[in-house]
Amino acid sequence: MTLARLSAIPLELQYLASKELGPSDLLALSHVSTYWRAFVLSDKRWTEWFASISSWSDETLEQCLTRLNILDKLSKRKAVYLCLRDSCALCGEYAQDIYLPHIKRVCETCLKGEEFTVLQFSAALAKYDLRERDVQHILTLEWRNPSRSSKRSTKLVSESHVKKIAIQNLGSEATLQAHLERKMAEARRTYTARSEDYRKAVSTCAALQETGNLAAAETVVLARTGRKIPKAFPAFPPILLPVRPMDRKVVCFAPRPLVEVGGELLLDVNDSDESEGSGADGSEA
Ligand SMILES: [Zn+2]
């Protein structure tokens, strides 16, 4: 009833009234109807509020998202919501970190769960026998190791996202498991056969060279492919390479607590006084 009356008042007054509302109220209002959703989305203050989010190490959220190349993946409204609600999306306990690949608050304990494993993109594809075209729409984050001088970034992905696609493609987790086992056995067999073939061809070639039969040595080829002996030993199949998960914290953002004062978002001074020490430690992790 009240809302019906609210929509009935002149637009200008609606805007004036909305200026009195902070982000939490606006978020609630946006869930009421498509009209109010559009109204709330058009509020320019989201940009301002978004800009006031920074981590314990004083990196702004915008800088962090730009660094990881996912600025367009998180709406300003959602970012403000995540900043104000510091409870874990899984267990409801206090959660300091926003786990960016899933765009969720996740507490320290839940973050240890398998669901939040972070892998290098190529390693994840190899592990689940997927091609790049299979995962075109997956969220990837570009991470640059600050302790290395190299400017090259590493593409990271949440393992659970990749696994989900692999399961969808094959129908079930059991089918996926069987498929991967078959692929791995096949890769092992092929690799062993290729390596033996290579070794045999190389030693035959060397023996012929020793006897001075250079022409014959030149014509030695790999039995399996009929091709000339390559310079390098056959490459180890990627699907069999051990996969080393990354530190999950590199794709997390820990916002400093903000409080709503009227229509403003301000740093929670009380909170930062108490946890200044632990905050500094956290930012180094
Ligand atoms: Zn939790």
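Two strands count as paired if DSSP finds at least two bridges between them. Strands (E, at least two residues) and helices (H or I, at least four) are DSSP runs, numbered from the N terminus. Welcome to a predicted model, where local features need pLDDT of at least 70, side-chain atom pairs count only at pLDDT 80 or more, and totals for chains, interfaces and linings use all residues. Residues are numbered from 1 along each chain as its sequence is written.

**View 1. An open sheet of three strands.** The strands follow the order E3-E5-E4, with antiparallel pairing. Strands E3 (118-120) and E4 (140-143) are the edges, each pairing on one side only. On average, neighbouring strands here are turned by 40° against each other, direction ignored. Axes are lines fitted to C-alpha atoms, for helices over the stretch in contact, and angles run from 0 to 180 degrees between N-to-C directions.

**View 2. Where E3 meets E5.** Three bridges link E3 to strand E5 (residues 154-158) in the antiparallel sense. Look for Leu 119, which stands opposite Val 157 in E5. Gln 120 has Leu 156 of E5 as its bridge partner.

**View 3. Where E4 meets E5.** E4 and E5 run antiparallel and are joined by four bridges. Here Leu 141 has Leu 156 in E5 as its bridge partner.

**View 4. A helix across the strands.** Helix H10 (residues 159-170) lies across E3 and E5, and runs at about 65° to E5. Contact means that the C-beta atoms of two residues, placed from the backbone, lie within 7 Å.
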